[in-house]
Amino acid sequence: MENIILQTHGISVKYGNFPALDDVSIRLKSKHIYGFIGENGAGKTTLMKVLTGLLYPTSGTFSLFGKSAPSDILKVRRNIGSTIEAPALYPEYSAYRNLELQRILIGNPDKEICGKLLGMVGLAEVKDKKVRKFSMGMKQRLSIAMALVGKPRLLILDEPINGLDPKNISELRGLLKRLNEEDDVTLFISSHILNELYLLATDYYIIHKGKIIESLTHDELDEKCRQYIKIKTSDLLKCITVIEDELIDAKYTVVDDETLHLFSHTDRAEGIARLLIENHIVTKEFSVTEQSLEEYFLDITGGDSDA
């Protein structure tokens with residue numbers, strides 16, 4: 001039987017008449033890595049705040065590590081590590097001191113863990129430096145170390161790669177994979193960099209305007225991010241008419257005023273190119289490619305680009 005460590009049932013959060021979350025139900029399985037995708041304002045941070053106890057839902061319930069009573073959830077939240085929005089750090093204290101205070105606060109008796117975590121996130125050499133002198137990327141790495149002080153079973157990270165350069169992003173990806181594979185940590189991660197989530201996540205939840213509109217595994221995503229023919233032409237309306245008249249059950253998406261993606265008949269690319277030429281349609285671009293995670297997200301959300 002699959003080990004479900006977190007499950008929500010119809011979680012809703014309203015600010016006046018505005019539904020920040022609308023009947024959200026998700027299920028997180030132990031030892032998986034979940035990518036949480038949505039544009040700004042879609043409800044990603046709001047849900048994470050509910051799960052970590054920073055916000056009470058207007059309606060709905062959830063269970064955590066098999067517990068559903070509020071008093072029990074309060075206790076088992078000790079098994080969650082999180083970074084939500086801006087890192088909560090003491091700017092006048094050193095990186096080491098910040099971690100030490102967190103260790104004392106949560107009651108972890110392991111006095112060596114602070115040094116180990118600073119090494120894991122690449123901050124060992126600046127452990128005595130005041131946090132106010134840190135770059136945004138350094139603060140981001142320190143906040144992740146803070147989330148790991150309690151040796152969590154579930155790690156909830158809101159935009160963890162903000163401010164990181166490509167090298168740091170790669171190192172963080174490696175760290176998160178090791179936590180998942182070697183320490184059995186389940187991860188729930190939101191990020192604007194969708195291609196990076198693709199390299200990391202085993203499962204995905206896509207949220208749009210407060211609603212979960214898609215949940216799928218990495219393998220299912222690969223199936224949906226299928227091949228397509230990209231056609232770019234100044235005569236798009238005529239192109240669509242020809243495709244609909246000549247191709248049986250043509251499946252396509254109009255991307256902009258000059259571009260469409262044809263998802264069916266990809267094995268007939270040469271014949272389709274000839275068909276367009278015969279109908280005097282001049283193409284600026286005609287290529288067979290594969291849909292990326294970002295393109296799939298834009299497709300199912302109707303083109304909202306600020307993921």
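**Close-up 1. Glu100 and Arg103 in helix H3 of the predicted model.** Being three residues apart in helix H3, Glu100 and Arg103 are separated by about one helical turn, helices (H or I, at least four residues) and strands (E, at least two) being DSSP runs numbered from the N terminus. The two side chains form a salt bridge whose closest N and O atoms are 2.7 Å apart, the term standing for a side-chain nitrogen of Lys or Arg within 4 Å of a carboxyl oxygen of Asp or Glu. Both Glu100 and Arg103 are buried (buried is under 20% relative accessible area, exposed over 50%, and partly exposed in between, with a 1.4 Å probe and protein chains only). This is a predicted model, in which local features need pLDDT of at least 70 and side-chain atom pairs count only at pLDDT 80 or more, whereas totals for chains, interfaces and linings use all residues. Residues are numbered from 1 along each chain as its sequence is written, and side-chain values use heavy atoms, with hydrogens and water left out.

**Close-up 2. Salt bridges between separate elements.** A search of the whole structure finds 13 salt bridges. One of them joins Lys151 to Asp110, with the closest N and O atoms 3.6 Å apart. Because Lys151 lies in the loop between H5 and strand E7 (154-158) and Asp110 in the loop between H3 and helix H4 (113-120), this pair ties together parts that are 41 residues apart in sequence. Lys151 is exposed, at a relative accessible area of 53%.

Close-up 3. The search of the whole structure finds one cavity of 30 Å³ or more, and about 80 Å³ of space lies in the largest cavity. On a 1 Å grid over the protein atoms alone, a cavity is a set of points where a 1.4 Å probe fits but cannot get out, a pocket is an open set with protein on both sides within 12 Å along at least five of seven lines, and lining residues have an atom within 4 Å of a point; grid points are joined across faces, edges and corners, and a volume is the space filled by probe spheres set on the points. Helix H6 gives the most to this lining, with four residues. Among the lining residues are Arg173 and Glu196, whose side chains meet in a salt bridge (2.4 Å, N to O). Arg173 lies in helix H6 and Glu196 in helix H7, so the pair ties together parts that are 23 residues apart in sequence. Arg173 counts as partly exposed at 21% relative accessibility, while Glu196, at 13%, counts as buried.

**Close-up 4. Aromatic pairs.** The structure holds four aromatic pairs, for which rings of Phe, Tyr and Trp (its six-membered ring) have centres within 6.5 Å, and planes under 30 degrees apart count as stacked, over 60 as edge-to-face and the rest as tilted. The rings of Tyr34 and Tyr205 have their centres 6.0 Å apart and their planes at 20 degrees, so this pair is stacked. The pair links distant parts of the chain, with Tyr34 in strand E4 and Tyr205 in strand E9, 171 residues apart, and both residues are buried. For Tyr90 and Tyr93, the ring centres are 5.6 Å apart and the planes lie at 45 degrees, so the pair is tilted.
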